[in-house]
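The briefing is arranged by topic.

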Amino acid sequence: MFSKILVANRGEIAVRIIRACREMGIQTVAVYSEADKDALHAMLADEAVCIGPAASSGSYLNMEQILSATVITKADAIHPGFGFLSENSRFAKLCEQCNITFIGPSGDIIDRMGNKSEARKTMMEAGVPVVPGTKEPVFTAEEGLSFAKEIGFPVMIKASSGGGGKGMRVAANEEEFLAHFQSAQLESVKSFSDDAMYIEKYVNHPKHVEFQILADKHGNVVHIGERDCSIQRRHQKVLEESPCVAIDENLRRKMGETAVRAAKAVGYENAGTIEFLLDADKNFYFMEMNTRIQVEHPVTEMVSGLDLIKEQIRIAAGEPLSVAQDDIHLSGHAIECRINAENPQKHFMPCPGKITNLHLPGGNGVRVDTHIYTDYVVPPYYDSMLLKLIVHGKDRDEAISKMRSALGELIIEGIDTNLAFQYEILNHEVFENGDTNTGFIPDYFPQYGE
Amino acid sequence: MLRNMFKKTYTKLEPERKSPEEGRQPEIPEGLWRKCNKCRKPIYVDDVKQNFYVCPKCGGYFRVHAYRRIEMVIDEGTFEEWDKEMPFANPLNFPGYEKKTAAVKEKTNLSEAIVTGKGKINGLDTVIGVCDSRFFMSSMGSIVGEKITRAVERATEQKLSVILFACSGGARMQEGMVSLMQMAKTSAAIKKHHEAGLLYITYLTDPTTGGVTASFGMLGDVILAEPGALIGFAGPRVIEQTIRQKLPEGFQRAEFLLEHGFIDKIVERKDCKSTLAKILLLHNPEAAMAADAEKKAEASDRKETVSVMAEEVSGKRGKEEKSSRRKRRKDAEADFTGFEKTEEGKKPASAWDCVLLSRRNDRPTARDYIQSLFDEFMEFHGDRYFGDDGAIVGGVALFHGIPVTVIGQQKGRNTKENLKTNFGMPSPEGYRKALRLMRQAEKFGRPIICFVDTPGAFCGMEAEERGQGEAIARNLFEMSDMKVPILSVVIGEGGSGGALAMAMANEVWMLENSIYSILSPEGFASILWKDSTKAPDAAKVMKITAKDLKKLGIIEEIIPEEEPAVLENLETLTGIMSEKLTGFLDSMKTMSGEEIAEARYQRFRKIGA
C-alpha cells in the first residue's frame, strides 16, 4: 500500500480523495494554485504545495510542477481525480517514467479509449453494440445516402474531425440528408480542412445510462450497476440517479455483462465508466468509456455500500478487488444534485464570489460532498461546481422526497446558485414519473436551454 | 479560518506502512525534460524532437545537428554522403589545433563542420550541404571550404541543384588566411554552377555570420532563413563595441533581413522540406509538368464534389464579403459619375469612365490575377540591396505546368493594405526586386508575366535618394534584351514610367477598362491648362484607353470586360487571359532567345517617328 498520495486536483473531489486517504491511514499531499491558498483541500491534506498561478494551464494542468511536487514530497502515487490531468495519457506515462503510480489506467488505455473511432472499433470487435454507422469515412452525398437508407432514418451526419457540434447534422429523410450532408461537409472543410464524413443512426432522445466498473491488476472485473444521467443541460450533467427506472434486473445483467466485456476487451484497470445510449425500445449502444472516477460516483457508492476511491487506491497498489460480482448487491435508490455557482436566469453565467452564509443539510441518508465553507471565496478560474448533494432512500419516491427536503435545507448565501433550478426538476411531474431522457431539460425547460 | 484545525489521522492506523517496492523512489529521470534556453520553461525532450527541435512552448528554435537536418529534409534512404573523411590540415601549424580538433571529432562524432552529399527531396535529386554548429561553431576552415567547393563542382558536372544550410561563426581563426581564401574559393565554384544555369538555394540558420554570410550564404538564387536566425557580417557584439551604441531589438535577425531585402522568404522549420521541394519543382520543368498532369488527373477524379464544394465555399465567402464589397463599390461609385448616365446595357465609353473604373478599389489586384491564373505561386522578396517593396509582388508559379516568373504591381484594398503596398506606387527597391526576379527567369529560361497597375512610381524623397530614375532606366535597359518571352498586362492604371518599367515586353495587353498614360489626366490638365479639374477633358485628348492605344500600336490585345472587372467576374477574365496566354507562349516556343529579344527590340523600335 502507498504511504503517501498526492492529489492532483482541487475542489470537492480533492477533499473526497483526501478523506478516503485519511481513513486508510495514507498521508496526503495537496497541490494548489495561487488562487486556492485558502481552499479546503489544501488545508485538509497533511502537506500542501503551491504549484503555480491561478490559470489551470500553469498549475493544475502543469505536469512538470505536479511531478516535481510529488518527487519533493516523496509521495508514491498521484490521484488525478476528474478533469484536469485525469484523462491525459501523457501524464499517466510520465508518472510511470518517474516511478510514480498513477491511480487510474495506463496511458495506452487512456489513449485507446480517448480516440473515439478506435474505441468504437475495439468495442465492435468485442461484440459490444455500437450505434450503427459507417465504418469508413464517406466523401460524397450519394455514398452517404445509400448507407443512410441501409440503416434507416433519422441519421446523424458527423465530420470525421468534428467537435463542438461543428460539421454535425441530423437528417430525418432523404431530402434533408442531401442538403445537410453538403453543409456539414462544407463546415468540416472550412473548420478542419477535412471532407471525411461519418453517417450514424440518430438515436432520438435516448436515456444516458452508464455502468460503473472496477478492474484490478489480477484480471477481475466487476460492474456496480448503472447511473441514469439523462438530466443534462447542453451535455452537462445536472442530476444523476441510481438505479435507472427503465432498467430491470435482466437488462441490468445484460448491460452489466456487456460493460464488463468491454472493459476486459481493452485490458482495463482501475475504475471506469462505460456510457451507453438507451433508446425507448431498450436497445443500448456503447457511446464512450471514461477512464477515471466520475463526478456522479457517489450515487453508486450509496446503493452499493462500496467506497470507489478506496477501491481505486487498492487497485493501484496491486491489491485484488474487495468484492466479487456476486457480492455486489444494490439496494434502495440514490440521487445526486450538482449545485453550481451559476445563475440560471442569466444563461447559467458562473457566479464566483464570497459565501457569506452556509448551511448544509444532514440526517439519515443525506450526504454532502463539498469544499466550500462559510467565508470561502469561490475563485472565478475553475469549474463552478460547489457541492454535490446526495441522498439515499429505500426507493425512488423516498429518495425524491429526501432530496426535496435536503435541498430546502441547503442554504448558500453571497453567490447565486442553481439550487432553485434543481428544485424545479425534482418537482416536475415527468421527472417524478421517471419518464426522462436527454431531451428532458430542452423539452420542459426551454427557457434554460439556451 | 480552518487552517491547522483539522486533526491528523494517518499516524493512528498501521504506522509502519511501507512502499510495496523498496528502492522504487519517485524521481524524475535524467533527460525527461529540460529547460528551454529561450523561455526558461521545462520542455520534454521527446516533444522537442517531434517538433523539429522547436520549443513547443515558446516556439524558439534550437540548433539542429547536421545529420538530423538531413533526416528532416532528404527522403529516407536516399542520402549519399560525399567526402566524409578528409585529411586534417593545420596550415599555420597552430598550436593545439590538432588536439582540439580531435577532441571535437570525438565529442560530436563529426569529421568536420559540414556534411555534404547528394539525396532526393520528394523524389527530386539535389546536392546538399549542412553546417553543424557543434564543430568549431561551424567555422569555415580549409576542409569546409573544400567540401563545399567539391560538392558544388560535382553538382555542376551532374547538372544538379545545390542546397546549403548555413550556420557559422565565420572563418576559422586557427587557419588564418587559408580560411579567408575559402570565401573566394566557394564563391567562385558557385559562380560556375550559376553560369551553368543551375539552381542554388541557401537556407540560413542561427547564426550565420562573418565569412559565410559574405560568401556562399548570400549567393543563393533563393535565400531562405529560419525565423529569428541571426544573420549578418559583423557580429552584433563587435558592432556595439565599435559604434558604442546598443543595437535595437531584432537587429540582424531573419525578419530584419527580409525587411531589408536580403532574403527571399522566412521558412519555418516544419515547412522546410515542403518549401524546398516546391522550389525544386518550380525549377524543374519536366517534374513540374508531370506534377501538373497528376494533379489534373486527381482533380478530375473528384471533380464533382470539389466543384460543388468550391462553388459553395466561394458562395459563402462571397456572402460574407459582399457587404463590405458593396460598401466599397458604393464608395467608389460616389466619385464615379459617368457610369450611371451612359448605362443602358451599354458599357462605359468615355476615357474618363475608364480612368475612374481603373482606379476603383473593388477592381481585382495583381495578387488576385496571380492566384486565379497560376498554380503553386511562391512569392520571393527583396532587391538584395536595400529593402523589400510591398508595391511589387513577385515570384515563381506554374502556368499549366510551365514554370513562369510572375511580377505584379500591387495595390491595396484598404488603408492597412495600402500602407504595405504604398497604393501601388513602387520604390526603386521594387523595380530592383522585379529586375532581380526577371534575371533569374532568364537564367532558368522561364517566361515572364507582368501585371501593371500603378498610379506611377513613388514620388518621394527616399525614392529619389535611392535612384528612382536609375531603377526605371535599368529595367528598360535590361529588359530590352532578355532572352525569354515577356508579357505585360495592364490590369488597372498604367501610370507613366513607373508602368513602363514593367512593360518593356514582347506584347502588352490591356483590360478594356484600364488606362496606360504618360501621366495622370489630373497632372496633364494641371501642366497644360493649369487646372486639374479639367482632368475629364484631358483624359479624352490623351488617348489612354485600351482602344486608343491599340490603334496607336502601343498594345497588342484588349481583354474585354463584359462588366467592369470585380472579384466576382475575375474567373471570366482570367479564363480569357489564360487562353490568350497559352497562345502567346506557343507563338514564342519556336523562337530562340535571341529572336525573342530581337522581336522585343523591333516592337519598340518601330513606335513613333
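This is a predicted model: local features need pLDDT of at least 70, side-chain atom pairs count only at pLDDT 80 or more; totals for chains, interfaces and linings use all residues.

**Nonpolar cores**
- The largest nonpolar core comprises 137 residues.
- Those with the most contacts inside this core are A166(B), I201(B), A225(B), I263(B), C450(B), V452(B) and A503(B).
- Domain 2 (63-283) and domain 4 (352-584) of chain B each contribute at least three residues to this core.
- As a general background, nonpolar side chains tend to be buried together in soluble globular proteins.
- Not counting residues up to four places away in sequence, A166(B) touches C131(B), T202(B), Y203(B), L204(B), T205(B), T208(B), V212(B), F216(B) and G217(B).

**Domains of chain A**
- Chain A is divided into domain 1 (4-103), domain 2 (141-201) and domain 3 (207-449).
- Between the C-alpha centres of domain 2 of chain A and domain 3 of chain A there is a separation of 32 Å.

**A sheet in chain A**
- Five strands of chain A form an open sheet with parallel pairing, in the order β3-β2-β1-β4-β5.
- At the edges are β3 (47-52) and β5 (101-102) of chain A, each of which pairs on one side only.
- Within chain A, strand β1 (residues 4-7) and strand β2 (residues 27-33) are joined over four bridges in the parallel sense.
- Opposite I5(A) stands T28(A) in β2(A).

**A helix pair in chain B**
- Helix α13 (residues 351-359) and helix α21 (residues 535-542) of chain B have axes that come within 7 Å.
- These axes cross at roughly 105 degrees, so α13(B) and α21(B) are roughly perpendicular to each other.
- On the α13(B) side the contact is made by A351(B), W352(B) and V355(B), and on the α21(B) side by P536(B), A539(B) and K540(B).

**A loop residue in chain B: G382(B)**
- The loop between β10 (375-379) and β11 (392-399) of chain B contains G382(B).
- G382(B) counts as buried because it has 24 C-beta neighbours inside 10 Å, the threshold being 20 or more.
- Leaving aside neighbours within four places in sequence, G382(B) is in contact with L258(B), G261(B), F262(B), I263(B), D264(B), D388(B) and K433(B).
- One of these contacts, I263(B), is also listed among the residues with the most contacts inside the largest nonpolar core.
- P364(B) is 18 residues from G382(B) along the chain, and their C-alpha atoms are separated by 24 Å.

Definitions and conventions
Residues are numbered from 1 along each chain as its sequence is written. Chains are lettered from A and ligands numbered from 1 in the order in which they are written. A nonpolar core is a set of buried Ala, Val, Leu, Ile, Met, Phe, Trp, Tyr and Cys residues joined through C-beta atoms within 7 Å. A residue is buried if 20 or more other C-beta atoms lie within 10 Å of its own, exposed if 12 or fewer, and partly exposed in between; C-beta atoms are placed from the backbone. Domain bounds come from an automatic or database domain assignment. Two residues are in contact if their C-beta atoms, placed from the backbone, lie within 7 Å. Two strands pair if DSSP finds at least two bridges between them. Helices (H or I, at least four residues) and strands (E, at least two) are DSSP runs, numbered from the N terminus. Axes are lines fitted to C-alpha atoms, for helices over the stretch in contact, and angles run from 0 to 180 degrees between N-to-C directions. Angles under 35 degrees count as roughly parallel, over 145 as roughly antiparallel, 65 to 115 as roughly perpendicular and the rest as oblique.
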